[in-house]
Amino acid sequence: MSPLKFRNNIKEKIMTLNLSLPGNFRYQPQELVEIFGYDYLFGPVGEVELATIETLFDIGVISRADYNLLSSDIRTLVLNISTSQVDEIERKITKHDIRAWVKLAQGICDKTLGRWIHVPLTSYDPLDTARILQFSRAYQKVLRPKIGEVGGILVSLVEKYAHTLQIGRTHGQHALPITVGFWLANILHRLIYNAMKMEECADQLVGKISGAVGAHNAQVGLGIAEKCGEISFEKRVLIKLGLKPAPISSQILPPEPLSYFLFSCTMLSGTLGQFGSDARHLMRTEIAEIGEPFEVGQVGSSTMAHKLNPINFENLEGMWLRTKNEFNKVLETLSSDHQRDLVGSSLMRDFPIIVINLTQQLNTLLKKNKAGQRFLERLTVNEAACQKNFTLSANVILAEPIYLALQMYGYLGDAHKLVNERAMPISQAKSIPLIQAIEEIAEQDPEVESVLSKIPVEFRELFNHPENYTGDAAVKALEIVQIAKDKLSRF
C-alpha cells in the first residue's frame, strides 16, 4: 500500500477508531484513552520500532540514504497503525500480532527502508517495552497529578477537623474518643505511603531490547553489538524512549518491576476502598456524622424518594474489590515456561484495568459540580451528630483510664473486673458516669476508697470529662499533615 493510500485510509478510519479501555464499558476514564484506548495500543510499539531504526542508523548499520527515507510523514503513519488494523491482518494472514504490525509498517515504507523494520528484534522487545511506556505514562500524566490533588484536599480536611470530637470505633462498637481529623489523617498517611511506593516502583520500570531468548543473540552474532562500543545497543534504543534496560531478561521482561508497580496501585486502591467503607458507614441514618454532597436532580432510589445513598463512597469500595481480584491475574504471570510461553499473554492485556479502576476512584473524589467544587472538598461533617453519638457512650467510655489508674495507684485486685462487673451495671442502671459508680462502690469497699484517694485530682477530674480523653489525636493528625505536605511537594 502506498503512503498516500495508507494516509487516506487513516483519515477515513480516524472517525471510527475503537477507543474503548480494557474492562467494563461503564468505567472509561477519558484521560487514559490516549494511553490504553484499544486502537492506540500499537502506537508505543511503533515508537520502539522507530527508536530501533534510529539506533541502527546511529551506529552505522543503516546508511544515510536508507534512513532519509524515514520522513516525518512515514513516522506519523507508522505511529498511527491501529490495533484494529493489526487484528485484521492477524486474523486473515499472519496469525501473529507483531508480524501483522510489521507487514502493515512495511507496507507504508519504501521497500529499501521497510527491510529494516523489526531488525534485530523479537516480538516482545517492542510489546513488553511498549507496555512499560504505557504504564509509565499513565502514572506520570494521570495517576501522579490526581494523587497529589486528592492528597492536598485531604490535608485541608485533616487540618479543618483536627480538633473535632468523634467517638472512635473498634469492632463496630464505641471505643475511645478521637477526632474526625485523626480518622482522616490515618487515610491520608496510607495514601501518602502508597503514593511514595508507587513513585519508587514507577521509577524502577524497565524495558528490553534483548532478542528471542534475552541473550542479545542477533545483536552479538551479526556484529551489531560490536558497533556500539561501551553503550550497548539495547541501552541506546531505550535511552531514546526514556527507559532503563532490565539487567537481564528472557524473551520477556522479568515480571517483578511491573508487578510491584501494579501492586502499589492495588494498595492505594485499598486505601481509597477503606475510606469509602468508613465514610459510607458514617453516613448511616442512625450515625449521620458524614455527609455526601448531592447534586440537583440526583436520586437515591427508583422508588424511595427520600433516600440519599452513599453512591460515591460505595463506588470507592466497589472499585477496590474489582481491583484486588484483577491483581490475581498479575500473580498468575510471575511464572513462565523457560524463556517464555504464551499462557500469560491474554492475562497481561487486562493489566491496565488496575490503573483504570484506581483512576476511577480518584476521579470519584475529584468530580466537580456545576460550581467547580470537587466532591471530596464538599464532604461535610455533622458536628452535632458527632456530639450526639459521643454522648451515647459518654458515661462508660472512660473504663480504660479508670481501671488503669486504680491499678497504678495500688488496687491489688482485678481492677478490670471491678470496672466491668461491678461498676458498669451501676452506671448503666442509673445512667451515671462510670467514675460515680466507682465512688458508690468505694463507699462500701475500703480498699477501693483508699486507692481512689491516692489518684491525683487532675485524673479524677478527667474521669468526669470524657471529651478531653482524646490522647494526642489532634497532635498526631497535624503531624501527619506536615509529613504529607512535605511528600506532596514532590508531586
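Trainee: At what angle do helix 20 and helix 21 pack?

Mentor: Helix 20 (residues 434–444) and helix 21 (residues 446–454) pack at about 125°, and their axes are 6 Å apart. Helices here are DSSP runs (H or I, at least four residues), numbered from the N terminus. Axes are lines fitted to C-alpha atoms over the stretch in contact, and angles run from 0 to 180 degrees between N-to-C directions. This is a predicted model, where local features need pLDDT of at least 70 and side-chain atom pairs count only at pLDDT 80 or more, while totals for chains, interfaces and linings use all residues. Residues are numbered from 1 along each chain as its sequence is written, and side-chain values use heavy atoms, with hydrogens and water left out.

Trainee: Which residues of helix 20 and helix 21 meet?

Mentor: I435, I438, E439, I441, A442 and Q444 in helix 20 meet P446, V448, E449 and L452 in helix 21. Contact means heavy atoms within 4.5 Å.

Trainee: New topic. Is L127 buried or exposed?

Mentor: L127 is buried, with a relative accessible area of 14%. Buried means under 20% relative accessible area, exposed over 50%, and partly exposed in between (1.4 Å probe, protein chains only).

Trainee: Where is L127, and what is it in contact with?

Mentor: L127 is in helix 9 (residues 124–160). Leaving aside neighbours within four places in sequence, L127 is in contact with F42, V45, D97 and I98.

Trainee: And S264, buried or exposed?

Mentor: S264 counts as buried, at 4% relative accessibility. S264 is in helix 13 (residues 256–282). Beyond its neighbours within four places in sequence, S264 is in contact with K197, M198 and C201.

Definitions and conventions:
Helices (H or I, at least four residues) and strands (E, at least two) are DSSP runs, numbered from the N terminus.
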